[in-house]
Structures are given as C-alpha cells and as structure tokens.
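Me: I have a model open and would like to go through it piece by piece. Could you help me read it?

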Amino acid sequence: MRAQAIGARPSLRQYARMKQYPIARTDLSVSRIAYGCMHLSRAWDQTALTEQERGTTEQMIEAALEQGINLFDHADIYARGKSEILFGEVLGRQPSLRQRMVLQSKCGIRFANDPDAGVPGRYDFSHDHIVGSVETSLRRLQTDYLDILLLHRPDPLGEPEQVARAFDDLQRAGKVRYFGVSNHSASQLALLQQHVTQPLVINQLELSLPHHHLINEAIIANTTGAPYAAAAGTLDYCRQQRILVQAWAPLAGGRLTGAVPVMPETHALIAGLQRVAKQYEVSAEAILLAWLLRHPAGIQPIVGSTRRQRLQAACQADGFELSREDWYRLFTLARGAPVP
C-alpha cells in the first residue's frame with residue numbers, strides 16, 4: 001500500500017529534482033527526461049478500459065513525478081485515444097497534479113476506415129482536423145489547455161496557411177500555449193516556420209544509440225566527399241534555431257536491454273553497453289539515455305515504460321555524464337566501424 005495518495009501535496013523533499021532544459025522562446029522548463037504515455041493502454045481498438053490499465057496509469061504518473069519528470073507526452077491516436085482518457089481520469093480525480101505537469105500532445109495522423117469504410121490511413125494538417133483533434137484531446141485529458149501541441153508526421157498535402165490559421169485560433173482561445181512538430185526535417189521545419197507566427201519550439205524525432213542517423217549525418221557526408229553543409233541536417237538546424245529535440249524510442253524498443261529477444265547483429269553493441277554500464281555502476285537503460293544526454297544539442301529522451309522499476313533505472317542517466325571516450329566507444333560499436 002502506498003503511504004501517500006498520488007494527489008496529496010508532499011513536501012518537495014519527497015520528489016527528485018531532475019535537471020531541466022529551458023525551452024527557448026517559452027516560459028517552460030522541462031525535465032531532461034520525459035514520460036511517454038503511448039502504452040498506458042496497449043489495446044488499439046474499441047475495447048473498454050480495464051482496471052489494470054487504470055492502476056498502471058496512476059502508478060506510472062506517480063513514478064514519473066517521483067523521478068522529477070514533469071513533461072508528459074501524448075498523441076491523439078495513442079491506443080485510439082484511450083491513453084489520453086486514462087491519463088485524464090487521473091487528472092479528473094486529482095486536478096492539482098496539472099500544476100506540476102507540462103502536457104504535450106500530437107495530432108495529424110488519421111486511421112484507415114475513419115470515418116468511412118475504405119478510407120485509407122493518411123496525414124491531415126487541415127485547419128479543421130488540427131482544431132478538432134486538440135479539442136478532443138482536451139476533453140479526454142480533462143484539462144483546459146495543452147502546454148505544447150506537435151504536428152505528428154509531415155503531411156505531403158499540408159498547406160502551411162491552414163496550419164497557421166489553426167495555430168492562431170488555438171492560441172487565441174487559450175487551448176494551446178506553444179507549438180512544435182514531430183518527425184520533421186530541417187527543410188520542412190523551415191517551410192512551416194515561414195508561415196506560422198508562433199515559434200516552433202520542439203521537434204520530436206526517432207533517435208537512439210542504434211538509430212543514430214541524425215548524429216551520423218556529417219560523418220557520412222565526409223566519407224562520401226560531400227560538403228559538410230549539405231549534411232548539416234535536421235539536428236544542426238534545430239540547434240541553430242534553438243528548437244528542443246525530443247528523442248522517441250530512446251531505448252530502442254528494449255532491443256539492447258533484454259526487454260525483447262536479442263538479434264545476432266547487436267551482440268557486440270550489447271556487450272559494449274553492458275561493459276560501460278558496469279563501469280558507471282548504473283543500468284544499461286541509463287547508459288542509453290546518457291549517450292543522448294551527452295550530446296550538446298540538449299536532447300530530451302521520452303521514456304514510455306509501464307514498469308516503475310525500468311523507469312527508475314532509466315532515470316539514473318540524469319545523475320552522471322559519459323566521458324567523451326565512452327561516448328565514442330559506444331558510437332563506434334553502433335556504427336559498426338570506426339569514425340573516419
């Protein structure tokens with residue numbers, strides 16, 4: 001039994017103080033590690049919510065707050081809206097929690113066969129879809145506003161003027177404070193920023209030790225003889241524009257930490273990861289996050305585990321810094337080749 005309910009007001013000593021990133025051009029300061037809410041429900045269908053899901057949601061919100069996490073990442077599509085509903089039930093019971101949170105959600109992905117049978121899966125950056133998605137997320141989350149709204153994946157048919165109108169309407173109505181994107185390239189960011197009046201303050205990207213392509217861009221360019229400027233790419237653009245980079249799947253789906261079966265091609269990387277973890281006396285999860293946190297871009301990993309112990313293990317990353325040599329040791333193993 002927990003000694004104190006999640007909604008009670010503990011002293012500050014009862015919560016970890018994780019280091020934070022200020023988000024440029026906002027009044028927000030966010031924990032270096034965020035909590036991803038996609039898996040609060042794993043049933044992407046129309047089945048009813050379960051008591052087990054409700055219990056897990058409350059436990060993981062509490063666990064994240066205990067670790068000093070204050071940013072909670074959602075999307076309107078996660079479990080077809082059920083993950084937002086579960087989270088909102090907790091806020092409905094304990095509204096004071098909202099003051100300790102930075103709530104972020106994403107929109108722009110539409111399911112196949114919605115609203116009509118035979119309709120394909122698609123992206124939708126139309127004004128009405130963006131505004132309607134936010135209003136639906138607010139109802140599910142039982143809150144009056146989102147701190148941050150991200151556009152989930154680039155829409156090839158998106159018209160920046162419609163996005164700009166949606167952003168203006170949502171901000172004027174007090175429904176969204178700040179805006180950003182997810183899975184956008186440098187050129188896509190630049191095009192959108194030409195039309196919206198609000199600064200784009202976040203870009204959420206797939207980034208991890210094995211999925212390191214954004215960090216590897218310049219090295220690839222150098223080895224092929226292409227000029228560095230041609231491969232400066234998304235990560236450097238975000239640094240230049242002071243856009244916070246969030247990393248989704250920073251633990252690579254558990255492929256390196258035993259959460260899923262090990263693939264033969266990862267044996268050397270896993271062995272190296274375990275050696276470094278033993279050296280620093282922390283978990284392998286912590287090393288994976290520390291590898292991202294060591295980068296000067298100020299990357300914010302989003303951890304979506306529904307196991308309290310695994311979240312605690314990952315958050316050890318906030319307490320130390322990898323040496324330059326250990327960072328490159330892991331990078332070399334992940335690349336499968338030395339740097340040129």
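Me: Which strands does helix H3 lie across, and at what angle does it run to S8?
Reply: Helix H3, residues 127-141, lies across S5, strand S8 (146-151) and strand S9 (176-182), and it runs at about 135° to S8. Helices (H or I, at least four residues) and strands (E, at least two) are DSSP runs, numbered from the N terminus, and axes are lines fitted to C-alpha atoms, for helices over the stretch in contact, with angles from 0 to 180 degrees between N-to-C directions. This is a predicted model, in which local features need pLDDT of at least 70 and side-chain atom pairs count only at pLDDT 80 or more, while totals for chains, interfaces and linings use all residues. Residues are numbered from 1 along each chain as its sequence is written, and side-chain values use heavy atoms, with hydrogens and water left out.

Me: And what about H4, which strands does that one lie across?
Reply: Helix H4 (residues 160-172) lies across S8, S9 and strand S10 (200-206), running at about 150° to S9.

Me: What do those strands build together?
Reply: S8, S9 and S10 belong to a closed barrel of 8 strands, which runs S3-S4-S5-S8-S9-S10-S11-S12 with parallel pairing; two strands pair if DSSP finds at least two bridges between them. From one strand to the next, the twist averages 30°.

Me: How many bridges join S4 and S5?
Reply: Strand S4 (residues 71-73) and strand S5 (residues 102-107) pair in the parallel sense over 3 bridges, and phenylalanine 72 has leucine 103 in S5 as its bridge partner.

Me: Switching to the inside, how many residues does the largest nonpolar core have?
Reply: The largest nonpolar core has 99 residues, and those with the most contacts inside it are Phe87 and Leu149. Such a core is a set of buried Ala, Val, Leu, Ile, Met, Phe, Trp, Tyr and Cys residues joined through side-chain atoms within 4.5 Å, where buried means under 20% relative accessible area, exposed over 50% and partly exposed in between, for a 1.4 Å probe and protein chains only. The largest share of this core, 9 residues, comes from helix H9 (residues 284-293).

Me: What does leucine 149 touch?
Reply: Leaving aside neighbours within four places in sequence, leucine 149 is in contact (heavy atoms within 4.5 Å) with residues including Ile130, Val134, Phe167, Leu170 and Phe179.

Me: Now leucine 322, where does that lie, and is it buried or exposed?
Reply: Leucine 322 lies in the loop between helix H10 (308-314) and H11, and it is buried, with a relative accessible area of 1%. Its contacts beyond four places in sequence include Ile287, Trp327 and Leu330, and the C-alpha atoms of leucine 322 and isoleucine 287, 35 residues apart along the chain, are separated by 8.0 Å.

Me: Which residues of H11 are buried?
Reply: In H11, Asp326, Trp327, Leu330, Phe331 and Ala334 are buried. Seen down the axis of H11, the buried residues fall within an arc of 135° (taken from the directions from the helix axis to the C-beta atoms), so they line one face of the helix. On the other side of H11, Arg324 and Glu325 are exposed.

Me: Last one, which peptide bond is cis?
Reply: The peptide bond from aspartate 114 to proline 115 is cis, with omega near 5°, and proline 115 is found in the loop between strand S6 (109-110) and strand S7 (122-123). Asparagine 113 lies in the loop between S6 and S7 too, with a positive phi near 65°.
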